[in-house]
Amino acid sequence: MDPDQGGKLAARWWKWALSAPEESSPVADRTGEFAGWQQPSDVWFLAGTYGGRVVRRCQIPAGKPLFFPVLNTTRPALGFSARPWRMDVSRAEADLNGIPLPVREFASRRFMVGIFPQVAWGLWGALEPLTPGQYVLAINGTAGDFEVDTTYHLDVVAS
């Protein structure tokens, strides 16, 4: 995935994540109950977390690529400043069924969330569409005192 495409997906992911009401937020979700909330038609977004250990179980459709953060951040893009914040990362890993996945850095251009311009940065993972079956996706990252330890138990079903 080229950096421009990754940056566009990062902006779309943030718009998706920030549009959810708190009571059904996929990011605040501890179990996977809200993983399917308002998914776009061309990609399946997996939510990040607010840190700590999270185990989610969810059903996802076969035939859609997946896109997810390992560590990410967004900030207002006000005035002439459109450079995203970058985290001081000491670890960023993802694996599917124990097989390491590439983790790539992407930064977005300005995008709108409501009436507010934002920019995003992150270390992201992406997967080509999975065939039906059971998968375990492990996501781990550390930036300073912030840690992510997320396990997704994915049930991929034919759509």
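1. Leucine 154 touches Leu46, Cys58, Ile60, Leu66, Leu130, Gly133, Gln134, Tyr135 and Leu137, leaving aside residues up to four places away in sequence; contact here means heavy atoms within 4.5 Å.

2. Before going on: this is a predicted model, where local features need pLDDT of at least 70, side-chain atom pairs count only at pLDDT 80 or more, and totals for chains, interfaces and linings use all residues. Numbering runs from 1 along each chain as its sequence is written, and side-chain values use heavy atoms, with hydrogens and water left out.

3. Leu154 also turns up in the largest nonpolar core, which has 39 residues; Leu154 is among those touching the most other members, together with Trp13, Leu46, Phe67, Phe68, Leu137 and Tyr152. Such a core is a set of buried (under 20% relative accessible area, 1.4 Å probe, protein chains only) Ala, Val, Leu, Ile, Met, Phe, Trp, Tyr and Cys residues joined through side-chain atoms within 4.5 Å. The largest share, seven residues, comes from α1.

4. Histidine 153 sits in strand β10 (strands being DSSP E runs of at least two residues, numbered from the N terminus). His153 counts as partly exposed because its relative accessibility is 25%, between the 20% and 50% limits. Beyond residues up to four places away in sequence, His153 touches Val55, Arg56, Arg57, Cys58, Tyr135 and Val136. Glutamine 118 is 35 residues from His153 in sequence and 31 Å away in space, C-alpha to C-alpha.

How values were computed. Helices (H or I, at least four residues) and strands (E, at least two) are DSSP runs, numbered from the N terminus.
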